[in-house]
Amino acid sequence: MKYKGKVALITAGGRGIGQAVAEELAKGGAAIALNDVEEARLTEAASHLRRHGPKVTTHPGSVMDEAFVKKMVADAVAEHGKIDLLLNNAGGAPPGAAWGEFTKLSLDDIRGFMELNFFSQVMVLKAVLPGMLDRGYGKVVCVSSISAVLGQEGGSHYAAGKMALHALVSSVGKEVARKGVNINGVILGNPPHPSRTKERQNYLDKMSHMDRVGDFAEFGKALSFLLSDDASYMSGTMMTVDGGLVAPRLNE
Ligand SMILES: NC(=O)c1ccc[n+]([C@@H]2O[C@H](COP(=O)([O-])OP(=O)(O)OC[C@H]3O[C@@H](n4cnc5c(N)ncnc54)[C@H](O)[C@@H]3O)[C@@H](O)[C@H]2O)c1
């Protein structure tokens, strides 16, 4: 019951990484305020979490919408009394914005990716942080990608949006570290994704040192560690969870 008495806000938690972290936290006794833009998916994920016992509230809407973000945080605080833990998780491809080589991308494509992968996390952090600072307690994890550190052909806007998070985490992490709030981030590599082709998955698996895709439960455990008091001496840093993918093999 590592998280008993804690309240966690998880964005984009209807499936994937967010759902896996919510599962770990709920198993450990945390109450959960769960967000996703897909309402049916959110409802199903929340009912799955409730079997662990703690209170779970749902907050359907897009974290790209500033008015919604303010309302989501106000509603979560009204229903749970506080937010102790934040998984700032929403990211990926926003609706209507294309992937592609830099010369072919429109400024709107680039803005869209920056809005989802950087600015949505800025808005959520801005809305949550004052309450954490008032209470002198908070743990935040912002979710980035190996694309930020490796670069990604056809995904320069995704990589740039994620890399901006690293600077946000290290800078704001410094500002709040003496005030009881730990802000850290994660660089994720090779979790499963429903849009990935089998060929692409095989390619990524071979790049990892384990020759396999990561299991969502493995990501859930690693990320929930950063949201626990076991990570109390970690601040402003990015933790890599990628099966070794960013580290080149020197032999073979
Ligand atoms: N899966 C990967 O391959 C991978 C790799 C590296 C990093 N990441 C990062 O991990 C995070 C989670 O990735 P995932 O693969 O679990 O995501 P996903 O694509 O499976 O989506 C998870 C959920 O996010 C929701 N969502 C999308 N836009 C939203 C919005 N604007 N507001 C609220 N909810 C929204 C979707 O409805 C979905 O249920 C993202 O930041 C992603 O960039 C993922």
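Analyst: A polar contact is a pair of N or O atoms within 3.5 Å; within protein, one must be able to donate a hydrogen and the other to accept it, and residues adjacent in sequence count only if both atoms are side-chain atoms. Here, an N or O atom in the side chain of Tyr158 lies 2.7 Å from an oxygen atom of the ligand. This is a predicted model, in which local features need pLDDT of at least 70 and side-chain atom pairs count only at pLDDT 80 or more, while totals for chains, interfaces and linings use all residues. Residues are numbered from 1 along each chain as its sequence is written, and side-chain values use heavy atoms, with hydrogens and water left out.

User: How many residues surround the ligand? What is the distance from the side chain of Asp36 to an oxygen atom of the ligand?

Analyst: A residue counts as near a molecule if one of its heavy atoms lies within 4 Å of it. The ligand is surrounded by 28 residues, and the closest are Asp36, Asn89, Tyr158, His193 and Arg196. For Asp36, a side-chain N or O atom is 2.6 Å from a ligand oxygen atom. Ile17 contributes a backbone N or O atom, 2.9 Å from an oxygen atom of the ligand.

User: At what angle do helix 4 and helix 6 pack?

Analyst: Helices are DSSP runs (H or I, at least four residues), numbered from the N terminus. Axes are lines fitted to C-alpha atoms over the stretch in contact, and angles run from 0 to 180 degrees between N-to-C directions. Helix 4 (residues 107-135) and helix 6 (residues 156-176) pack at about 20 degrees, their axes 8 Å apart. Angles under 35 degrees count as roughly parallel, and helix 4 and helix 6 are therefore roughly parallel to each other.

User: Which residues of helix 3 and helix 4 meet?

Analyst: Contact means heavy atoms within 4.5 Å. Glu66, Val69, Met72 and Val73 of helix 3 meet Met123, Val124, Ala127 and Val128 of helix 4. By class, seven of these residues are nonpolar, none is polar and one is charged. Ala, Val, Leu, Ile, Met, Phe, Trp, Tyr, Cys and Pro count as nonpolar, Asp, Glu, Lys and Arg as charged, and the others, Gly among them, as polar. Helix 3 (residues 66-80) packs with helix 4 at an angle of about 35 degrees, with the axes 9 Å apart.

User: How far apart are the axes of helix 1 and helix 2?

Analyst: The axes of helix 1 (residues 16-27) and helix 2 (residues 39-50) are 10 Å apart, at an angle of about 25 degrees. Helix 1 and helix 2 are therefore roughly parallel to each other. Their contact involves Gln19, Ala22, Glu23 and Ala26 of helix 1 and Ala45, His48 and Leu49 of helix 2.

Definitions and conventions:
Helices (H or I, at least four residues) and strands (E, at least two) are DSSP runs, numbered from the N terminus. Angles under 35 degrees count as roughly parallel, over 145 as roughly antiparallel, 65 to 115 as roughly perpendicular and the rest as oblique.
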